[in-house]
Amino acid sequence: MVTETVVKEALSKEMIEAGSNLTRRLDETSFVVSASMWFFNVDSSSWRYIIASPQVDSNGVKNAYKKVQDTLATLSNGDGSISLRDITLISPNDPLIKLLKIVISTGDGISGIRFSRNLINGVLIEDAYIYRLN
């Protein structure tokens with residue numbers, strides 16, 4: 001019998017705090033955050049900070065990344081716990097967001113929901129830390 005073991009980098013307290021700070025700071029700007037979370041990508045064995053925003057659809061992904069980059073520059077997280085290369089911007093209509101919304105809704109605030117090893121409609125979510133999903 002063959003078993004598969006997923007070896008992954010731990011989601012640190014610094015990463016969790018940086019994600020919360022970034023979501024909060026984006027809220028203070030004109031950037032609309034429909035969803036934000038750390039999401040473990042099994043294929044690359046790495047954490048990605050995912051932000052879903054209608055501005056990806058309306059203004060284009062390049063403009064959305066520019067706004068996030070400008071916002072990151074205002075944060076004082078010199079520990080390097082989050083950078084633009086860690087971030088993936090997607091539409092609120094992305095299949096991942098639609099899938100997660102089947103079981104989780106946080107409202108407009110900033111939550112801290114750990115969602116690990118769950119199956120939704122046959123799709124395994126290995127690990128996620130969700131701040132917002134509405």
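**The core and the sheet around it**

In this predicted model, the largest nonpolar core has 22 residues, and those with the most contacts inside it are Leu22, Trp38, Ile51 and Ile87. By such a core I mean a set of buried Ala, Val, Leu, Ile, Met, Phe, Trp, Tyr and Cys residues joined through side-chain atoms within 4.5 Å, where buried is under 20% relative accessible area with a 1.4 Å probe, protein chains only. H1, E1, E2, H3, E3 and E5 each supply at least two residues of this core, and the largest share, four residues, comes from H1. Helices (H or I, at least four residues) and strands (E, at least two) are DSSP runs, numbered from the N terminus. Apart from this core lies another, of 17 residues, among them Met37, Ile97, Ile125 and Leu133.

Let me turn to the sheet. Five strands form an open sheet in the order E3-E2-E1-E5-E4, with mixed pairing, two strands being paired if DSSP finds at least two bridges between them. Strand E3 (87-90) and strand E4 (113-120) stand at the edges with a single partner strand each, so one side of each is left without a neighbour in the sheet. Strands E1 (residues 35-41) and E2 (residues 46-52) pair in the antiparallel sense over seven bridges, and Phe39 has Arg48 in E2 as its bridge partner.

A word on conventions: residues are numbered from 1 along each chain as its sequence is written, and side-chain values use heavy atoms, leaving out hydrogens and water. Local features need pLDDT of at least 70 and side-chain atom pairs count only at pLDDT 80 or more, whereas totals for chains, interfaces and linings use all residues.

Terms used: Buried means under 20% relative accessible area, exposed over 50%, partly exposed in between (1.4 Å probe, protein chains only).
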